[in-house]
Amino acid sequence: MSDHELAARLATQAGQLLLAVREELAGATEAERKAVGDKRSHDFLMEALERERPADAVLSEEGADNRVRLSSERVWIVDPLDGTREFSELGREDWAVHVALWQSGELVAGAVALPAQGITLATPEIASPSPHSGPPRVVVSRTRPPAIALQVRDELGGTLVEMGSAGAKVAAVIQGLADVYVHAGGQYEWDSAAPVAVARAAGLHTSRIDGSPLAYNQSDPLLPDVVVCRPEYADAVLAVTG
């Protein structure tokens, strides 16, 4: 099985596990659903990667940072449950599972599962989003839209699309449901690695907000800002954010 196929399979299976957790804990509190979902998905992914790719290192949001990854040629970067708040609210669909592979300095495979939507977007090839003739749609958090995204909306004469997790937001751009995702103010490598890998496979622009490349498997996994957008908007977005 190729790395692309493995990323897609594991993200999809972790998502199915999370849907089962939601059903099992339908009568529990949101806090209980968050805790159980995070742990079960993390445990599943760690066990599966140990079985399928035992020589590779793993960086997971829910696991201790094993520094051996810094001297490893291949590192899986995973977010077992991106959007715990949305997952915990029964009926919400805007949460995701991220599985990406970094190798020798680059993201080389990735998958973003949207379990409640029955969708997994994965490398190596994915269709570019269809053209959009209206004002650019800037996707933001429904509860805390970052100021920089509002600036981009204002400068581009765009509109806002409210959504939950980072993976769901990037997926919306990949699917042609939005045009620009810009975030600043705090994220980690697992928040963007898989979405960025898939976005690149779809021909989208990806970078830091100053236009510099996104770097993964760094000593400090904090990667606080990101831009993912249709390529025709990249210069205009970076003129605002850079």
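Is helix α6 mostly covered or mostly uncovered? Helix α6 is mostly covered, with eleven of its 13 residues buried, where buried means under 20% relative accessible area, exposed over 50%, and partly exposed in between (1.4 Å probe, protein chains only).

The model is predicted: local features need pLDDT of at least 70, side-chain atom pairs count only at pLDDT 80 or more, and totals for chains, interfaces and linings use all residues. Residues are numbered from 1 along each chain as its sequence is written, and side-chain values use heavy atoms, with hydrogens and water left out.

## Overall form

The protein has seven helices and ten strands; these are DSSP runs numbered from the N terminus, with helices being H or I of at least four residues and strands E of at least two. For 242 residues, a compact globule would have a radius of gyration near 18 Å, and the value of 17 Å for the protein agrees with this. That radius is taken over C-alpha atoms, and the globule rule is 2.2 Å times the number of residues to the power 0.38. The C-alpha trace spans about 50 × 45 × 30 Å along its principal axes.

Of the 242 residues in the protein, 54% are buried. The accessible surface comes to about 10100 Å², and carbon and sulfur atoms account for 49% of it; areas come from the Shrake-Rupley method with a 1.4 Å probe, and for residues only the protein chains shown count as cover. Among contacts (heavy atoms within 4.5 Å) between residues at least 6 apart in sequence, 65% join residues at least 24 apart.

There are 21 positive and 35 negative side chains, and the centres of the two sets lie 3 Å apart. Lys and Arg count as positive and Asp and Glu as negative, while His and the chain ends are not counted. The place of a charge is taken as NZ of Lys, CZ of Arg, CG of Asp or CD of Glu.

## Helices

Helix α6 covers residues 189–201, and its end C-alpha atoms are 18 Å apart, in agreement with the 18 Å that its 13 residues should span at 1.5 Å a residue. The expected span is 1.5 Å times one less than the number of residues. The buried residues of α6 include Trp 190, Asp 191, Pro 195 and Val 198. Gly 203 follows α6 and has a positive phi, near 85°.

Helix α5 (residues 166–174) has nine of its nine residues buried, so it is largely enclosed by the rest of the structure. Lys 169 is one of these buried residues, as are Val 170 and Ile 174. Just after α5, Gly 176 takes a positive phi of about 80°.

Helix α1 (residues 3–24) has 22 residues and reaches 31 Å from its first C-alpha to its last, close to the 32 Å expected. Its buried residues include Asp 3, Leu 6, Leu 10, Leu 18 and Arg 22. The cover over the buried residues of α1 includes α2 (30–52), β2 (74–82), α3, β3, β4 and β5.

In helix α3 (residues 84–88) lies Ser 88. Ser 88 is buried, with a relative accessible area of 0%. Leaving aside neighbours within four places in sequence, Ser 88 is in contact with Glu 30, Arg 33 and Lys 34.

Val 108 is placed in strand β4 and counts as partly exposed at 33% relative accessibility. Val 108 and Asp 3 are 105 residues apart in sequence, but 8.4 Å apart in space, C-alpha to C-alpha. Not counting residues up to four places away in sequence, Val 108 touches His 4, Leu 101 and Gln 103.

Most residues other than glycine have a negative phi, and most peptide bonds are trans.

| Residue | Backbone value | Loop |
|---|---|---|
| Asn 217 | phi about 55° | between β9 (205–207) and β10 (226–229) |
| Pro 124 | omega near 15° (cis bond from Thr 123) | between β5 (119–122) and β6 (137–141) |

Ser 104 counts as exposed, at 51% relative accessibility, whereas Asn 217 is buried, with a relative accessible area of 6%.
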